[in-house]
Amino acid sequence: MRISAKGLSGHVVVRYGAVSKQIMIVLVLNSNVFPARRNFIQELRKRFPQITTIVQNVNTRKTSVVLGDEERVLYGPGYIEDVLCGMTFRISAKSFYQINHEQTEVLYQRSVELLELSGKETVLDAYCGIGTIGMYVSRFVKQVIGVEINRDAVEDAKINAKINQISNIRFVCEDAGRYMTRLAAEKKRLDVVIMDPPRSGSSEDFIKSLVRMKPKQVLYISCNPQTQIRDCQMFERMGYRVQGKAGSGGYVPAYGSCGDLCVATKTNYVEILNFRHFFKHIVFTSGGDKIRNKEIKNYINVSVVVDIECGNTTN
(Lines give C-alpha, C1' and ligand atoms only; values in the text may rest on other atoms or scores of the structure.)
Protein backbone atom coordinates (compact mmCIF):
# COMPACT_ATOMS: atom_id res chain seq x y z
CA MET A 1 0.00 0.00 0.00
CA ARG A 2 1.33 3.43 -0.93
CA ILE A 3 0.72 6.53 1.21
CA SER A 4 1.31 10.27 0.80
CA ALA A 5 0.52 13.30 2.95
CA LYS A 6 1.90 16.84 3.10
CA GLY A 7 5.36 16.13 1.74
CA LEU A 8 5.62 12.63 3.18
CA SER A 9 5.37 9.64 0.89
CA GLY A 10 6.09 5.97 1.21
CA HIS A 11 4.51 2.60 1.83
CA VAL A 12 2.72 0.66 4.53
CA VAL A 13 3.96 -2.86 5.21
CA VAL A 14 1.71 -5.14 7.29
CA ARG A 15 3.19 -8.24 8.94
CA TYR A 16 0.84 -10.78 10.47
CA GLY A 17 1.41 -13.83 12.67
CA ALA A 18 -0.81 -16.62 11.36
CA VAL A 19 -0.90 -18.40 14.74
CA SER A 20 -0.20 -15.58 17.21
CA LYS A 21 -2.51 -13.13 15.37
CA GLN A 22 0.00 -10.39 16.20
CA ILE A 23 0.15 -7.50 13.72
CA MET A 24 3.04 -5.19 12.85
CA ILE A 25 2.56 -1.98 10.89
CA VAL A 26 5.67 -0.59 9.19
CA LEU A 27 5.33 2.98 7.93
CA VAL A 28 7.99 3.41 5.26
CA LEU A 29 8.51 7.17 4.80
CA ASN A 30 10.92 9.31 2.83
CA SER A 31 11.86 11.38 5.89
CA ASN A 32 12.66 10.77 9.55
CA VAL A 33 10.45 13.75 10.37
CA PHE A 34 6.89 12.63 11.10
CA PRO A 35 4.58 15.59 11.87
CA ALA A 36 1.76 14.89 14.34
CA ARG A 37 3.21 11.45 14.90
CA ARG A 38 1.61 10.90 18.31
CA ASN A 39 -1.85 11.91 17.11
CA PHE A 40 -1.52 9.63 14.09
CA ILE A 41 -0.47 6.63 16.19
CA GLN A 42 -3.23 7.28 18.71
CA GLU A 43 -5.88 7.40 15.98
CA LEU A 44 -4.49 4.31 14.25
CA ARG A 45 -4.57 2.31 17.47
CA LYS A 46 -8.08 3.56 18.20
CA ARG A 47 -9.35 2.33 14.84
CA PHE A 48 -7.32 -0.90 14.87
CA PRO A 49 -6.77 -1.97 18.51
CA GLN A 50 -5.48 -5.39 17.39
CA ILE A 51 -2.20 -3.83 16.23
CA THR A 52 0.74 -5.19 18.26
CA THR A 53 3.48 -2.80 17.20
CA ILE A 54 4.13 0.13 14.84
CA VAL A 55 7.53 0.89 13.31
CA GLN A 56 8.67 3.86 11.23
CA ASN A 57 11.18 2.96 8.53
CA VAL A 58 13.02 5.71 6.64
CA ASN A 59 13.89 5.13 2.99
CA THR A 60 15.08 8.14 0.98
CA ARG A 61 16.42 6.05 -1.90
CA LYS A 62 14.55 6.09 -5.20
CA THR A 63 14.87 2.39 -5.92
CA SER A 64 12.64 -0.68 -5.99
CA VAL A 65 13.84 -1.60 -2.48
CA VAL A 66 10.97 -0.82 -0.12
CA LEU A 67 12.71 -0.76 3.28
CA GLY A 68 15.54 1.57 4.28
CA ASP A 69 18.20 1.16 6.97
CA GLU A 70 16.89 3.60 9.60
CA GLU A 71 14.08 2.54 11.92
CA ARG A 72 12.22 3.91 14.92
CA VAL A 73 9.70 2.04 17.07
CA LEU A 74 6.57 4.16 17.48
CA TYR A 75 4.47 1.73 19.50
CA GLY A 76 4.91 -1.70 21.06
CA PRO A 77 8.04 -3.88 21.17
CA GLY A 78 9.12 -3.29 17.56
CA TYR A 79 8.61 -6.91 16.56
CA ILE A 80 5.97 -9.63 16.49
CA GLU A 81 6.15 -13.32 17.28
CA ASP A 82 4.59 -16.30 15.55
CA VAL A 83 4.59 -20.09 15.90
CA LEU A 84 5.87 -22.29 13.08
CA CYS A 85 6.39 -26.06 13.30
CA GLY A 86 5.83 -25.87 17.04
CA MET A 87 8.52 -23.23 17.58
CA THR A 88 8.20 -19.55 18.46
CA PHE A 89 9.89 -17.01 16.20
CA ARG A 90 10.57 -13.33 16.74
CA ILE A 91 10.14 -11.31 13.53
CA SER A 92 11.39 -7.75 13.15
CA ALA A 93 10.49 -5.29 10.39
CA LYS A 94 13.39 -6.08 8.05
CA SER A 95 13.55 -9.84 8.67
CA PHE A 96 12.16 -12.28 6.10
CA TYR A 97 9.37 -14.62 7.17
CA GLN A 98 7.34 -16.89 4.89
CA ILE A 99 3.83 -15.49 4.46
CA ASN A 100 2.25 -18.83 3.56
CA HIS A 101 2.28 -20.44 6.98
CA GLU A 102 0.47 -23.69 6.22
CA GLN A 103 2.51 -24.56 3.14
CA THR A 104 5.77 -23.58 4.83
CA GLU A 105 5.19 -26.30 7.42
CA VAL A 106 4.49 -28.82 4.65
CA LEU A 107 7.64 -27.68 2.84
CA TYR A 108 9.89 -28.06 5.90
CA GLN A 109 8.47 -31.47 6.79
CA ARG A 110 8.94 -32.71 3.24
CA SER A 111 12.46 -31.30 3.17
CA VAL A 112 13.50 -33.44 6.12
CA GLU A 113 11.89 -36.49 4.52
CA LEU A 114 13.85 -35.96 1.31
CA LEU A 115 17.15 -35.47 3.11
CA GLU A 116 16.87 -38.78 5.00
CA LEU A 117 18.97 -37.53 7.91
CA SER A 118 20.76 -39.87 10.30
CA GLY A 119 21.28 -37.45 13.19
CA LYS A 120 25.06 -37.22 12.71
CA GLU A 121 25.16 -34.46 10.08
CA THR A 122 26.67 -30.99 10.12
CA VAL A 123 24.31 -28.74 8.16
CA LEU A 124 24.82 -25.31 6.65
CA ASP A 125 21.64 -23.24 6.38
CA ALA A 126 22.52 -20.61 3.79
CA TYR A 127 20.45 -17.42 3.44
CA CYS A 128 18.93 -18.50 6.76
CA GLY A 129 16.95 -15.37 7.66
CA ILE A 130 15.57 -15.63 11.19
CA GLY A 131 16.52 -19.30 11.33
CA THR A 132 13.21 -21.08 10.68
CA ILE A 133 14.55 -23.84 8.43
CA GLY A 134 17.75 -24.42 10.39
CA MET A 135 15.97 -24.61 13.73
CA TYR A 136 13.43 -27.08 12.38
CA VAL A 137 16.20 -29.25 10.92
CA SER A 138 18.31 -28.98 14.10
CA ARG A 139 16.19 -31.57 15.89
CA PHE A 140 17.21 -34.18 13.29
CA VAL A 141 20.98 -33.49 12.99
CA LYS A 142 24.14 -33.03 15.04
CA GLN A 143 24.64 -29.31 14.41
CA VAL A 144 23.50 -26.46 12.17
CA ILE A 145 25.33 -23.31 11.04
CA GLY A 146 23.13 -20.50 9.73
CA VAL A 147 24.60 -17.76 7.54
CA GLU A 148 22.72 -14.57 6.66
CA ILE A 149 23.80 -11.11 5.48
CA ASN A 150 20.87 -9.26 7.09
CA ARG A 151 22.08 -8.20 10.54
CA ASP A 152 18.56 -7.70 11.92
CA ALA A 153 17.57 -11.19 10.82
CA VAL A 154 20.68 -12.69 12.46
CA GLU A 155 19.87 -10.95 15.74
CA ASP A 156 16.33 -12.34 15.53
CA ALA A 157 17.73 -15.80 14.78
CA LYS A 158 20.00 -15.78 17.83
CA ILE A 159 17.09 -14.73 20.04
CA ASN A 160 14.85 -17.37 18.45
CA ALA A 161 17.38 -20.10 19.25
CA LYS A 162 17.33 -19.01 22.90
CA ILE A 163 13.52 -18.80 22.98
CA ASN A 164 13.25 -22.36 21.69
CA GLN A 165 16.18 -23.63 23.79
CA ILE A 166 18.09 -24.92 20.76
CA SER A 167 21.77 -25.35 21.58
CA ASN A 168 23.08 -27.10 18.46
CA ILE A 169 22.73 -24.14 16.10
CA ARG A 170 24.81 -20.99 15.64
CA PHE A 171 24.52 -18.02 13.29
CA VAL A 172 27.02 -16.02 11.24
CA CYS A 173 26.32 -12.57 9.81
CA GLU A 174 28.09 -12.65 6.44
CA ASP A 175 27.43 -12.87 2.72
CA ALA A 176 26.67 -16.53 1.98
CA GLY A 177 28.98 -16.61 -1.05
CA ARG A 178 31.96 -15.19 0.84
CA TYR A 179 31.33 -17.47 3.79
CA MET A 180 31.11 -20.58 1.61
CA THR A 181 34.29 -19.55 -0.25
CA ARG A 182 36.11 -19.22 3.06
CA LEU A 183 34.89 -22.62 4.28
CA ALA A 184 36.06 -24.25 1.05
CA ALA A 185 39.48 -22.59 1.32
CA GLU A 186 39.80 -23.86 4.90
CA LYS A 187 38.72 -27.34 3.73
CA LYS A 188 35.89 -27.46 6.22
CA ARG A 189 33.48 -30.39 6.10
CA LEU A 190 29.72 -30.15 5.61
CA ASP A 191 27.33 -33.06 5.23
CA VAL A 192 24.29 -31.10 4.07
CA VAL A 193 23.79 -27.63 2.60
CA ILE A 194 20.34 -26.05 2.67
CA MET A 195 20.03 -23.00 0.44
CA ASP A 196 16.99 -20.71 0.30
CA PRO A 197 18.29 -17.67 -1.60
CA PRO A 198 16.36 -14.48 -2.41
CA ARG A 199 14.60 -14.03 -5.75
CA SER A 200 17.92 -13.07 -7.33
CA GLY A 201 19.13 -16.62 -6.68
CA SER A 202 22.50 -17.85 -5.49
CA SER A 203 25.93 -16.73 -6.70
CA GLU A 204 28.56 -18.45 -8.82
CA ASP A 205 31.06 -18.18 -5.95
CA PHE A 206 28.65 -19.93 -3.61
CA ILE A 207 27.88 -22.78 -6.00
CA LYS A 208 31.53 -23.31 -7.04
CA SER A 209 32.64 -23.42 -3.40
CA LEU A 210 29.78 -25.76 -2.52
CA VAL A 211 30.81 -28.19 -5.25
CA ARG A 212 34.43 -28.04 -4.02
CA MET A 213 33.30 -29.07 -0.54
CA LYS A 214 31.28 -32.03 -1.89
CA PRO A 215 28.53 -32.22 0.75
CA LYS A 216 26.53 -35.43 0.62
CA GLN A 217 23.27 -33.57 0.02
CA VAL A 218 22.17 -30.11 -1.11
CA LEU A 219 18.62 -28.91 -0.62
CA TYR A 220 17.60 -25.91 -2.74
CA ILE A 221 14.40 -23.98 -1.95
CA SER A 222 13.41 -21.16 -4.29
CA CYS A 223 10.50 -18.85 -5.11
CA ASN A 224 11.85 -17.73 -8.50
CA PRO A 225 11.89 -20.29 -11.33
CA GLN A 226 14.14 -18.20 -13.59
CA THR A 227 17.02 -17.94 -11.14
CA GLN A 228 16.65 -21.51 -9.98
CA ILE A 229 16.86 -22.69 -13.60
CA ARG A 230 20.04 -20.62 -13.97
CA ASP A 231 21.55 -22.06 -10.79
CA CYS A 232 20.55 -25.64 -11.64
CA GLN A 233 22.18 -25.25 -15.02
CA MET A 234 25.35 -24.18 -13.19
CA PHE A 235 25.12 -27.31 -11.04
CA GLU A 236 24.75 -29.35 -14.24
CA ARG A 237 27.90 -27.81 -15.73
CA MET A 238 29.76 -28.86 -12.57
CA GLY A 239 28.68 -32.48 -12.75
CA TYR A 240 25.18 -32.56 -11.30
CA ARG A 241 22.18 -33.74 -13.29
CA VAL A 242 18.77 -32.17 -12.78
CA GLN A 243 16.22 -34.94 -12.65
CA GLY A 244 12.56 -34.91 -11.66
CA LYS A 245 11.73 -37.82 -9.43
CA ALA A 246 8.42 -39.20 -8.20
CA GLY A 247 7.36 -37.77 -4.88
CA SER A 248 4.20 -36.87 -3.03
CA GLY A 249 3.64 -33.27 -2.15
CA GLY A 250 1.27 -32.22 0.56
CA TYR A 251 -2.07 -30.52 0.00
CA VAL A 252 -1.54 -26.95 -1.10
CA PRO A 253 -4.10 -24.35 0.01
CA ALA A 254 -5.94 -22.55 -2.78
CA TYR A 255 -4.12 -19.29 -2.06
CA GLY A 256 -0.82 -20.61 -3.36
CA SER A 257 2.38 -22.39 -2.53
CA CYS A 258 5.62 -21.50 -0.84
CA GLY A 259 8.11 -22.37 -3.50
CA ASP A 260 9.86 -25.22 -5.21
CA LEU A 261 12.36 -27.53 -3.66
CA CYS A 262 15.07 -29.80 -5.00
CA VAL A 263 17.73 -32.00 -3.45
CA ALA A 264 21.14 -32.72 -4.98
CA THR A 265 22.81 -35.76 -3.48
CA LYS A 266 26.27 -37.27 -3.60
CA THR A 267 25.07 -39.42 -6.51
CA ASN A 268 24.89 -36.20 -8.51
CA TYR A 269 21.23 -35.81 -9.27
CA VAL A 270 18.66 -33.27 -8.17
CA GLU A 271 15.36 -34.50 -6.77
CA ILE A 272 12.43 -32.18 -7.28
CA LEU A 273 9.59 -32.03 -4.81
CA ASN A 274 6.18 -32.42 -6.43
CA PHE A 275 3.28 -30.33 -5.19
CA ARG A 276 -0.47 -30.54 -5.73
CA HIS A 277 -2.02 -27.24 -6.75
CA PHE A 278 -5.47 -25.89 -7.51
CA PHE A 279 -4.69 -22.70 -9.41
CA LYS A 280 -2.69 -21.57 -12.41
CA HIS A 281 1.00 -21.69 -11.59
CA ILE A 282 4.27 -21.40 -13.43
CA VAL A 283 5.49 -24.90 -14.19
CA PHE A 284 8.91 -25.87 -15.49
CA THR A 285 10.10 -29.27 -16.49
CA SER A 286 12.90 -31.34 -15.04
CA GLY A 287 15.09 -30.36 -17.99
CA GLY A 288 15.33 -26.91 -16.46
CA ASP A 289 15.05 -24.97 -19.70
CA LYS A 290 11.35 -24.82 -20.54
CA ILE A 291 8.79 -22.61 -18.83
CA ARG A 292 5.10 -22.88 -19.56
CA ASN A 293 1.77 -21.96 -17.99
CA LYS A 294 -0.60 -24.76 -17.11
CA GLU A 295 -3.94 -24.68 -15.35
CA ILE A 296 -4.23 -27.44 -12.80
CA LYS A 297 -7.91 -28.32 -12.49
CA ASN A 298 -7.63 -31.11 -9.94
CA TYR A 299 -4.06 -32.11 -9.20
CA ILE A 300 -1.07 -33.03 -11.27
CA ASN A 301 2.41 -34.29 -10.49
CA VAL A 302 5.06 -32.10 -12.08
CA SER A 303 8.75 -31.53 -11.56
CA VAL A 304 8.42 -28.11 -9.95
CA VAL A 305 5.52 -25.80 -9.29
CA VAL A 306 6.46 -22.32 -8.22
CA ASP A 307 4.41 -19.59 -6.64
CA ILE A 308 5.97 -16.34 -7.83
CA GLU A 309 5.65 -14.37 -4.57
CA CYS A 310 5.65 -17.25 -2.06
CA GLY A 311 2.06 -16.39 -1.24
CA ASN A 312 -1.12 -15.38 -3.00
CA THR A 313 -1.15 -15.90 -6.73
CA THR A 314 -3.46 -15.98 -9.71
CA ASN A 315 -0.77 -16.60 -12.32
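Where in the chain is I166 found? In this predicted model, I166 is found in the loop between α4 (151-163) and β10 (169-173). I166 counts as buried, because its relative accessibility is 15% and the cut-off for burial is under 20%. Not counting residues up to four places away in sequence, I166 touches M87, M135, S138 and A161.

The chain as a whole contains 7 helices and 18 strands. Of its 315 residues, 53% count as buried. The accessible surface of the chain comes to about 15,500 Å², and carbon and sulfur atoms account for 49% of that area. When contacts between residues at least 6 apart in sequence are considered, 65% join residues at least 24 apart.

M135, a contact partner of I166, also belongs to the largest nonpolar core, which comprises 37 residues. Within this core, M135, V137, F171 and I194 touch the most other members. The contacts of M135, again not counting residues up to four places away in sequence, are with M87, F89, I130, A157, N160, A161, N164, I166, I169 and F171. Another core lies apart from this one and has 23 residues, among them A176, F206, V211 and M234.

F206 and V211 are also among the buried residues of helix α6 (residues 204-213). An α-helix has 3.6 residues a turn, so residues three or four places apart point the same way. The buried residues of α6 pack against β8, α5, β11, β12 (217-222) and α7 (225-237). The helix is followed by K214, whose phi is positive, near 55°.

Positive phi values also occur in loops. E116, a residue other than glycine, has a phi near 50° and is found in the loop between α2 and β8 (122-126). E116 counts as exposed because its relative accessibility is 66%, against a cut-off of over 50%. K187 is likewise not a glycine and has a positive phi of about 55°. The loop that holds K187 runs between α5 (176-185) and β11 (192-195). With a relative accessibility of 74%, K187 counts as exposed. I166, by contrast, is a loop residue that counts as buried, at 15% relative accessibility.

The largest pocket of the model has a volume of about 1,700 Å³. Its lining is made up of 48 residues, and R15, K94, S95, F96 and Y97 lie nearest the centre of the pocket. By residue class, the lining divides into 28 nonpolar, 8 polar and 12 charged residues. At least two lining residues are supplied by each of β2 (8-16), β6 (79-84), α2 (101-115), α3 (132-138) and β9 (143-148). Of the contributing elements, β2 gives the most, with 6 residues.

Notes: Residues numbered from 1 in each chain as written. Predicted model: local features only at pLDDT ≥ 70, side-chain atom pairs only at ≥ 80, totals over all residues. Heavy atoms only, no water. Helix = DSSP H or I, 4+ residues; strand = E, 2+ residues; numbered from the N terminus. Buried < 20%, exposed > 50% of the residue type's maximum accessible area, 1.4 Å probe, protein only. Contact = heavy atoms within 4.5 Å. Areas by Shrake-Rupley, 256 points an atom, 1.4 Å probe, with all protein chains shown as cover. 1 Å grid on protein atoms, 1.4 Å probe; cavity = no way out; pocket = protein on both sides within 12 Å on 5 of 7 lines; lining within 4 Å. Points joined across faces, edges and corners; volume = space filled by probe spheres on them. Nonpolar A, V, L, I, M, F, W, Y, C, P; charged D, E, K, R; others polar. Core = buried A, V, L, I, M, F, W, Y, C linked by side-chain atoms within 4.5 Å.
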